[in-house]
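Work through the exercises below with the structure in view. Try each task before reading its solution.

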Amino acid sequence: VVTIKVVDDNGSETNSIQAKVGDNLRQVLLENNVEVYKGLKQKLGNCGGGGQCGFCAIDFVETDGWVERSDYEAQKLKNKQPSTARLACLNNIQGPATVRVLS
């Protein structure tokens, strides 16, 4: 079991989640009432975790043991800043992390 900390834009912790290595990050965030999809367009237009829409973008503020993002993920996030942005749906938990949901 590892800890996933969720922070707001100011870096203040808003949620601390205990999760198992191997669990899907998007699913864990949603199950713990973390608003992954900000805005009506994202709520209605998300692909349901298939890695197609790019709406579940998060910033990996701090990670321990996570692999770098794939070329596919980089292509989907080419217009997203910061460069540490990742898609929650394409990442299974690999260790402790601090994340910030991007809008």
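**Exercise 1: Charges**

Find how many positive and negative side chains the chain has, and how far apart the centres of the two sets lie.

Solution. Count Lys and Arg as positive and Asp and Glu as negative, leaving out His and the chain ends. The chain has 12 positive and 12 negative side chains. Next, place each charge at NZ of Lys, CZ of Arg, CG of Asp or CD of Glu. The centres of the two sets then lie 8 Å apart.

Some ground rules apply throughout. The model is predicted, so local features need pLDDT of at least 70 and side-chain atom pairs pLDDT 80 or more, while totals for chains, interfaces and linings use all residues. Residues are numbered from 1 along each chain as its sequence is written, and side-chain values use heavy atoms, without hydrogens and water.

**Exercise 2: Fold and size**

State the order of helices and strands along the chain, and test its radius of gyration against the globule rule.

Solution. Helices (H or I, at least four residues) and strands (E, at least two) are DSSP runs, numbered from the N terminus. There are three helices and five strands. Their order is β-β-α-α-β-α-β-β. Now take the radius of gyration over C-alpha atoms; the rule is 2.2 Å times the number of residues to the power 0.38. For 103 residues, a compact globule would have a value near 13 Å, and the chain agrees with 12 Å. The C-alpha trace spans about 30 × 30 × 25 Å along its principal axes.

**Exercise 3: Ala19**

Is Ala19 buried or exposed? Which residues beyond its sequence neighbours does Ala19 contact?

Solution. Start with the location: Ala19 is in strand 2, residues 13-19. Buried means under 20% relative accessible area, exposed over 50%, and partly exposed in between (1.4 Å probe, protein chains only). Ala19 has 4%, so Ala19 is buried. Across the chain, 38% of the 103 residues count as buried.

Then list contacts (heavy atoms within 4.5 Å). Setting aside neighbours within four places in sequence, Ala19 touches Val1, Val2, Ile4, Val28 and Ile93. Ile93 is 74 residues from Ala19 in sequence, yet their C-alpha atoms are 7.8 Å apart.

**Exercise 4: Aromatic rings**

Count the aromatic pairs and classify what you find.

Solution. Rings of Phe, Tyr and Trp (its six-membered ring) pair if their centres lie within 6.5 Å; planes under 30 degrees apart are stacked, over 60 edge-to-face, the rest tilted. This rule gives one aromatic pair. The ring centres of Phe60 and Trp66 are 4.8 Å apart and the planes stand at 85°, so the pair is edge-to-face. Phe60 is buried at 8% relative accessibility. Trp66 is buried too, at 11%.
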